[in-house]
Amino acid sequence: MEIQSSLTGGNHLTTVVELPLGEAAATFKLEKAVCSHGLFMMAPNFWDPKSKTLQRPLRLSLSLNDPDHQKSVTVKISQSCRPSQSLKLQVFGTDSLSSPQQHSLLNQVRRMLRLLEEDNRTVRDFQEIHTEAKEREFGRIFRSPTLFEDMIKCILLCNCQWPRSLSMATALCELQWELQYPLSRDKVHNDTDSRSQTADSEHFIPKTPAGKETKRKMEVQKCPENLANKFTDANAVGEEVSVFKMACDHVLHCSKMVGDGRLINFPQLDDFSCSDGSEPYNCCRIGNFPSPNELASLDESVLARRCNLGYRASRILKLAQLVVQGGIKLGELEETGRQPTLSSYNILAEQLKEIDGFGPFTCANVLMCMGFYHVIPSDSETIRHMKQVHARQTTIKTVDGDLEIIYGKYAPFQFLAYWSEVWSFYEDWFGKPSEMPPTNYKLITATNMRPKRNAKCKRKKISVSEKHLQ
């Protein structure tokens with residue numbers, strides 16, 4: 001049973017809700033469930049490496065037609081020392097939640113952390129055939145609170161480098177924040193109507209850096225320092241918090257009702273601290289991930305320019321419009337995938353392929369997010385891993401066959417076995433992602449994982465891989 005209590009922190013109201021873990025209590029670890037896939041690094045998620053908490057905005061309703069769908073509150077998720085029977089959800093900016101609002105928040109958290117009944121069953125069955133994953137407490141792959149957000153982010157993962165994916169996700173959340181305020185909303189509509197390069201439209205130039213997708217030649221041939229040392233530097237975490245505070249000094253009173261009565265929940269930064277139970281995340285330029293309603297009415301050129309999306313803007317816009325118009329029923333898709341069978345996979349795959357921009361890689365990623373693990377989404381990173389870790393001469397033509405040879409024995413959890421190995425490799429190379437400051441997420445790239453030319457360094461990296469494969 002969920003327990004709700006109200007308390008005040010500083011000058012701000014806070015509501016605490018408990019989420020019982022049920023049968024997952026004995027084995028669930030928040031850090032492992034969150035820091036298990038690159039999706040946790042993408043805005044508006046914020047993992048605090050010191051306090052081991054996840055925080056982000058969540059919507060008070062998942063129904064597109066409910067007024068509460070336009071209201072977002074910041075939620076911080078924490079777990080006490082194990083074994084713990086529940087997670088604590090600290091909801092900022094409100095002293096109470098209705099039963100439907102509480103239900104919505106809990107469902108979004110369950111989805112992100114894969115705490116549904118079918119998820120618990122998957123973890124148990126997979127770990128029975130993969131003892132190393134059980135020892136590493138691996139089995140839950142982090143995902144977004146909604147299928148729509150997963151679909152958009154899977155588009156952002158396609159045909160670009162990882163820093164660019166991070167940048168585009170952040171820009172979309174910046175845009176969502178701007179749309180919440182009358183001044184920013186006027187700028188969007190004025191720019192949409194005129195479609196001109198005016199001073200107003202310059203407001204929508206991304207504040208986030210654009211990844212360089214074509215200039216791949218970088219100075220990485222020298223044997224680099226162990227990046228794990230940099231990632232675990234406590235000072236780096238402190239610097240990250242100061243960056244958030246500097247960016248938000250000019251916005252001190254953002255928790256209020258604005259314009260059309262929507263709740264905008266951005267507490268004061270002066271009350272925040274990265275690890276003392278307060279919250280550093282909700283700063284002035286980052287909002288929630290935009291909803292279908294918020295995206296559907298935008299002009300494609302504005303969306304592309306503001307968020308540096310390129311050709312992806314058209315695909316994202318069409319997807320949002322289909323959802324709003326009822327051409328894509330997200331609830332029905334999720335219900336079909338509730339029981340992951342080959343039949344339901346084929347049904348969903350056929351439906352997803354009809355969506356503009358949903359090729360094999362994007363479809364496979366979305367279906368993985370929905371709980372189908374028998375297909376491994378393959379791209380250049382997959383080929384790199386097969387060559388570097390398994391010493392196979394994998395190509396785009398042979399990758400599917402090579403994956404089946406190595407991971408077929410783990411059916412129907414081939415992706416979980418593959419990703420457990422990939423994630424462990426990342427940890428060996430860069431250090432634990434759960435201990436990195438967010439500023440270093442962009443360094444996790446294939447370019448930074450190239451074998452070193454120096455013989456001594458090369459032997460060192462090979463030994464790490466061999467140890468991983470034992």
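What separates Trp423 and Tyr426 in helix H18 by about one helical turn? The two residues are three apart in that helix, and it is because of this spacing that about one helical turn lies between them. The model discussed here is predicted.

## Overall composition

The secondary structure of the protein chain comes to 19 helices and eight strands. Of its 470 residues, 56% count as buried, while the chain exposes about 21,000 Å², of which carbon and sulfur atoms supply 52%. When contacts between residues at least 6 apart in sequence are taken together, 69% of them join residues at least 24 apart.

## Nonpolar core

The largest nonpolar core has 111 residues, and Ile77, Leu113, Leu303 and Leu319 are the ones that touch the most other members. Helix H18, which spans residues 414-430, gives the most to this core, with 11 residues. Once residues up to four places away in sequence are set aside, Leu113 touches Phe28, Leu30, Ala33, Val34, Ile77, Leu87, Arg140 and Phe142.

The structure holds 11 aromatic pairs. The rings of Trp419 and Tyr426 have centres 6.3 Å apart and planes at 90°, so this pair is edge-to-face. The rings of Trp423 and Tyr426, with centres 5.9 Å apart and planes at 65°, are likewise edge-to-face, because an angle over 60 degrees is counted that way.

Trp419 and Tyr426 are both buried; for Tyr426 the relative accessibility is 9%, and Trp423, at 3%, also counts as buried.

## Helix H14

Helix H14 covers residues 342-353, and its 12 residues reach 16 Å from the first C-alpha to the last, close to the 16 Å expected at 1.5 Å a residue. Its buried residues are Ser344, Tyr345, Leu348, Ala349 and Leu352. Seen down the axis of H14, these residues fall within an arc of 135°, so they line one face of the helix. The partners against which they pack are helix H5 (147-156), helix H13 (330-336) and helix H15 (360-369).

## A buried loop histidine

His69 is found in the loop between strand S4 (53-59) and strand S5 (72-78). With a relative accessibility of 5%, His69 counts as buried, because the cut-off for that class is under 20%. Leaving aside neighbours within four places in sequence, His69 is in contact with Arg59, Ser61, Leu62, Ser63 and Leu64, and also with Ser291, Pro292 and Asn293.

Note on methods
Residues numbered from 1 in each chain as written. Predicted model: local features only at pLDDT ≥ 70, side-chain atom pairs only at ≥ 80, totals over all residues. Heavy atoms only, no water. Helix = DSSP H or I, 4+ residues; strand = E, 2+ residues; numbered from the N terminus. Expected span 1.5 Å × (residues − 1). Buried < 20%, exposed > 50% of the residue type's maximum accessible area, 1.4 Å probe, protein only. Arc of directions from axis to C-beta. Contact = heavy atoms within 4.5 Å. Core = buried A, V, L, I, M, F, W, Y, C linked by side-chain atoms within 4.5 Å. Areas by Shrake-Rupley, 256 points an atom, 1.4 Å probe, with all protein chains shown as cover. Phe/Tyr/Trp six-rings, centres within 6.5 Å; stacked < 30°, edge-to-face > 60°.
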